[in-house]
Amino acid sequence: MATPIQMPSLSPTMKEGKIVKWLKKVGDKISSGDAIAEVETDKSNLEIEAYDDGVLQQIVVGEGEMATVGAPIAYLGAKGEKVAAPSAAPAKPAAPAPAPVAAAPAAPAASSEGIAVLMPSLSPTMKEGKIVKWLKKVGDKVSSGDALAEVETDKSNLEIEAYDDGTLARIVVGEGEMATVGAPIAYLAGKGAPASAPKPAVAAAPTAAQTPAQAPSAPKPVVAPAATGGRVRASPLAKRMAQDRGLDLSRVRGSGPLGRVVKRDIELALTQGTAQAAAPAAKKPATPVTRSVGARPEPVAMPISTMRKVISQRLGEVKPGVPHFYLTIEVEMDAATKVREDAKAIDVKVSVNDIIVKAAAIALRRSPKINVALSGDQILQYGTADVGIAVAIEDGLITPVIRDADLKGLQAISAESRDLAERARKKALKPEEYSGGSLTVSNLGMYGIDQFIAVINPPQSAILAVGAVADKVVVREGQMVIRKMMTVTLSGDHRVIDGATGAEYLRELKGLLEHPTRLLF
Amino acid sequence: MPELMYREALNQALAEEMERDANVFLIGEEVGRYNGAFKVSQGLLDRFGSARIIDAPISELGFAGMSAGAAMVGLRPVVEMMTWNFAILAMDQIVNNAAKLRHMSGGQLRCPIVFRGPGGAGGRLSSQHSQALEANYAHFPGLKVIAPATPADAKGLLKSAIRDENPVIMFEGERLYAVKGEVPEGEHIVPIGKADVKREGTDVTLITWSRMYYFCMEAAEALAKEGISVEVLDLRTLRPLDEEAILASVRKTNRAVICEEGWALAGIGASVVDLIQSKAFDDLDAPVARVTGLDVNMSYAANLENATQPDAPKIIAAVKKVLYREGA
């Protein structure tokens, strides 16, 4: 019986993919690992592979068409099975089939679990999601488009929808549990799934395309398997390795059939966890993520990466060596937020942080006393406004610098900071890209941090610690009103700047952010 | 070390053991004047005479039974079956008498006897003469079953079998008799129950015996070029299985493929899978795969005969499957 081939998640940010070209046609024999189609993602063109053996029964998403991650793009029939003729005879799974039997593509084989519902990618940064609540229970009829569950992502809570019709046969990931993007969270016992698949068959051969419509809601040998809440498919070895090293299996992306986590996935997870630590102890465990009560893994000695070494050495010198002072100010961000929304409305990606970077640069130009750096026994006065942005990466952080941020448009700043951050994560920055400047913006708002104090990155003279934009009750003209508030804390090097200088700068910055039209001048 | 054919290595083992122990004799169809259907007993009639190299009529049940009786009263018979297909006739004597009388007599009777002959497909001999029947014999307590792949192992295991105090079933191979290999001279003993790592590897264990060993080596060679390191474990003895060697290798590689010429259902490989899953479950990274003869009677046509049997491409595909590699 046919099993669906789903649009895989090929990049962390991929939400949908376009079928550029089918490399197999209906009726072709397919072996696990065969390239079956070329897919264009948000990042690149990639070939996708089959996870199972069989015969390509039906193509649901034609060339040039899009499919959401997790949606079926084709159906694979059992090995040896002929491409189904449009016969209405119900498939009798138990009986030996001397003649080609109509394949009801959605009727899962007794050995298969039906149609997998996969954890979708609901935000560009989402890697996993937590099931807050199941909105359907086992046995419920589900139609394509029905809300199945409420999922908490890194950004928000969202409802996820069914892509297929059927009956909820089994819940794999229970309420309160996490699942990696692309991992199965439930199974549907199918009923004419292809007919209700998001895209009608376009490129499929006529016989195959007609099949699903005529497929009877056949005798389904699907039995809801013994419910084992939150089961992650993994080889026994992978499970043991994960347990030995304190890895949370549900956080490891499985590359085997049906998303099975196998040895190489664990090894990959471990090496990524210690990325920079290159050769010798690359296989040493990554940070233990979670563990069960009772197990008490020994602390693990990990090699210190070069980057970590530099950070620990330099920051160890900065705090005692540079006399810090701190100034905090609250900024009303309603207008700045509006700028971002306006940009979005015309499809321009600009973040609040981009606006802050530009404002910080213009404020630097207007408060030249803060735009300085100590160099030996001299003070360097900068004539340009270059602003560093703190980027958290695998084993530390780095502060690439956006040059002339006061002169650049928001769109340019946005593109540049995304490029710098991306290359920072790949450790592909050139030295001149992360040196110079007098001030850095460090933003932990995306983590929900309201306010914090940052350590200056010498030889710069100041750093801005930016918190989250949050709705707060404030008093305006004697009235309590709700405003989007953000806290900025400036850490200054008291050897070269003074409290009043810093305060002046912050006032300038606040004015710019609260009246972002001033950014235009 | 001299290079001998598999049949010459067996001949050497027989001659050396007959030289060493006057109780050892060889009986079978065409073993004497014709020098053996596959020339394993070449020259032995001239050397040891017709009292110890006995031409039997076509009567497998009869000479198997007489030989079992001879073993019980002190002789050490080596019974040559022209092929194991013909020995199906003799199964009653082998299974109901040779395998059981030591147990049923409370140890009063012993049965030191070797039944040997070629098993497996010989090449266009059709259904009745192309069977790999080792699983049938490995099923019975009271029997030991050996199936060497190389000339050296053939010599060493036949010598062990002749010296064993219990019935030993030896599967040779019609297509192995002309295979050449280095064979140690004189006292070369390969213990029954010991598997042999014929090729060391780290990615997957290929478990096999007899003629399939050569397909496995061919597959391992080809896979090495793709960067896949295959360990080839030649079981050599099928009963008792060398559990220690199987488990040690699987624990090292985390993946196993078992290749046997016989059919899948109730095959030796099924027992090896059972052993692995029960004792090395937590070491497995993939389900154990099997490559077996197809579940059909053997065809006479050469192309169908080849398609029915395991070969290197089928083994390579199975290895890639357990490695989750593309193209599997």
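These legends describe close-up views of a predicted model. Local features need pLDDT of at least 70, side-chain atom pairs count only at pLDDT 80 or more, and totals for chains, interfaces and linings use all residues. Residues are numbered from 1 along each chain as its sequence is written, chains are lettered from A, and side-chain values use heavy atoms, without hydrogens and water.

**View 1. Chain A meets chain B.** Here 17 residues of chain A are in contact with 16 residues of chain B (contact: heavy atoms within 4.5 Å). About 1,200 Å² is buried between chain A and chain B. Carbon and sulfur atoms give 45% of that area. Buried area is the accessible area (1.4 Å probe) that two parts lose on being put together, summed over both.

**View 2. A salt bridge joins A:R240 and B:D283.** Their side chains meet at 2.9 Å, N to O. On the side of chain A that touches chain B, α3 (236-244) and α4 (263-273) each supply at least two residues. The largest share, four residues, comes from α3(A). Helices are DSSP runs (H or I, at least four residues), and strands are runs of E (at least two), numbered from the N terminus.

**View 3. A:T440 sits in strand β24 of chain A.** The strand spans residues 439-443. A:T440 is buried, with a relative accessible area of 0% (buried: under 20%, 1.4 Å probe, protein chains only). Beyond its neighbours within four places in sequence, A:T440 has contacts that include A:G388, A:T399, A:N457 and A:L464.

Technical notes
A salt bridge is a side-chain nitrogen of Lys or Arg within 4 Å of a carboxyl oxygen of Asp or Glu. Buried means under 20% relative accessible area, exposed over 50%, partly exposed in between (1.4 Å probe, protein chains only).
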